Amino acid sequence: VVINGDVKADFSVHTEGNIIVRGTVEAAEIVSTGGNIEVKKGIIGTQKEKKAKIVAGGTLKALFIQEAVISAGKDIEVGSYILNSSVHAENEVRALRDRGMIAGSNVFSGSCVRAKNIGSMSDTKTSIKVGRIVKDEVNVKFHQLEDELKVLEEEDKLLRKRLDFLDLLKKRLPHFPPEKERELAELLDKLKSLEAIKQETLQDKDDFHKKFVDQFDKERKIFVLQTLWPGVLVGINDVVKKVDARQRRVMAVLEENQIELKRLTM
């Protein structure tokens, strides 16, 4: 799906494939159950309860993210900043261009977070966690699976509506056209395939705790290329540390069940 302009507040776009928005996304809902999402001019929700909601089965790319709830099955990459948002990526989160700032946000990554600046001088509440999914992040994945099921249910309704129409037509017409007979057979095949996908998604919803446990082959670190500000909470797996002093060019690593801030050498 390619949208040449903006997606305004209260609109929604749902598909299984890729989505490209050449403008901005306001407090809208964008869901791609199996593809990537790219927002050329950034995501900006409103400042109260109305936030943008983005769910990507694959990778999400945006110029910036502000006042949004974001979930991606792979990576999240922003050009400038992540501000006042909740962000969940099963792989990496990267903010390395322009300001490359993450502030006032809760960010979870299954692997690594890489940014130029994390936190701010004004001590906005910022939390960066990598590693195993913990209680705070479980709901994000749960809602992502619920969104996928809603899309599948909607498609199922549309297919069944068309199927009912063709069944009625077949009963009323003395000679049912061959092309309608073929369409009827194709619809039955589609419904069968859709039901299999629905059952698989339901199974994912039932046992996703097991599917997203610790993956030991992943590097779990937080890289800050410029400034890590005081007050930021950094977490790796189940260990959390509050940054008490300004740090320059550091990486957070887990050693002997403690988070260490080490000098980052380029």
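A salt bridge is a side-chain nitrogen of Lys or Arg within 4 Å of a carboxyl oxygen of Asp or Glu. In the structure above, which is a predicted model, a search of the whole structure with this rule finds 17 salt bridges.

One of these salt bridges joins the side chains of Asp75 and Arg94, with an N to O distance of 3.6 Å. The two residues are 19 residues apart and so link distant parts of the chain, since Asp75 sits in the loop between S10 and strand S11 (76-78), while Arg94 belongs to strand S14 (residues 93-95).

Glu77 is partly exposed, with a relative accessible area of 23%.

Glu181 counts as partly exposed at 33% relative accessibility, and Lys170 counts as partly exposed at 38%. Elsewhere, salt bridges that share partners join Asp75, Glu77, Glu92, Arg94 and Arg114 into one network.

We can now turn to the strands. An open sheet is formed by 9 strands, which follow one another in the order S2-S4-S7-S10-S13-S16-S18-S20-S21, with mixed pairing. At its edges are strand S2 (12-15) and strand S21 (239-242), each of which pairs on one side only. On average, and with direction ignored, neighbouring strands of this sheet are turned by 5° against each other. Within the sheet, strand S4 (residues 29-32) and strand S7 (residues 52-56) pair in the parallel sense over 4 bridges, and Glu29 stands opposite Lys53 in S7.

A pair of aromatic rings is described by the distance of the centres and the angle of the planes. When rings are paired if their centres lie within 6.5 Å, the count comes to 1 aromatic pair. The rings of Phe64 and Tyr81 have centres 5.2 Å apart and planes at 20°, so the pair is stacked. Phe64 is in the loop between strand S8 (60-62) and strand S9 (65-66), and Tyr81 is in strand S12 (residues 81-83), so that the pair links distant parts of the chain, 17 residues apart. Both Phe64 and Tyr81 are buried.

Finally, the backbone deserves a look. Most residues other than glycine have a negative phi, and most peptide bonds are trans. Glu67, however, has a positive phi of about 55° although it is not a glycine, and this residue lies in the loop between S9 and strand S10 (68-72). Asn257 also has a positive phi, near 60°, without being a glycine, and Asn257 is found in the loop between strand S22 (247-255) and strand S23 (258-263). Are these two residues buried or exposed? Glu67 counts as buried, at 5% relative accessibility, whereas Asn257 is exposed, with a relative accessible area of 58%.

Conventions
Residues numbered from 1 in each chain as written. Predicted model: local features only at pLDDT ≥ 70, side-chain atom pairs only at ≥ 80, totals over all residues. Heavy atoms only, no water. Phe/Tyr/Trp six-rings, centres within 6.5 Å; stacked < 30°, edge-to-face > 60°. Buried < 20%, exposed > 50% of the residue type's maximum accessible area, 1.4 Å probe, protein only. Pairing = 2+ DSSP bridges. Axes fitted to C-alpha atoms, helices over the stretch in contact; angles between N-to-C directions.
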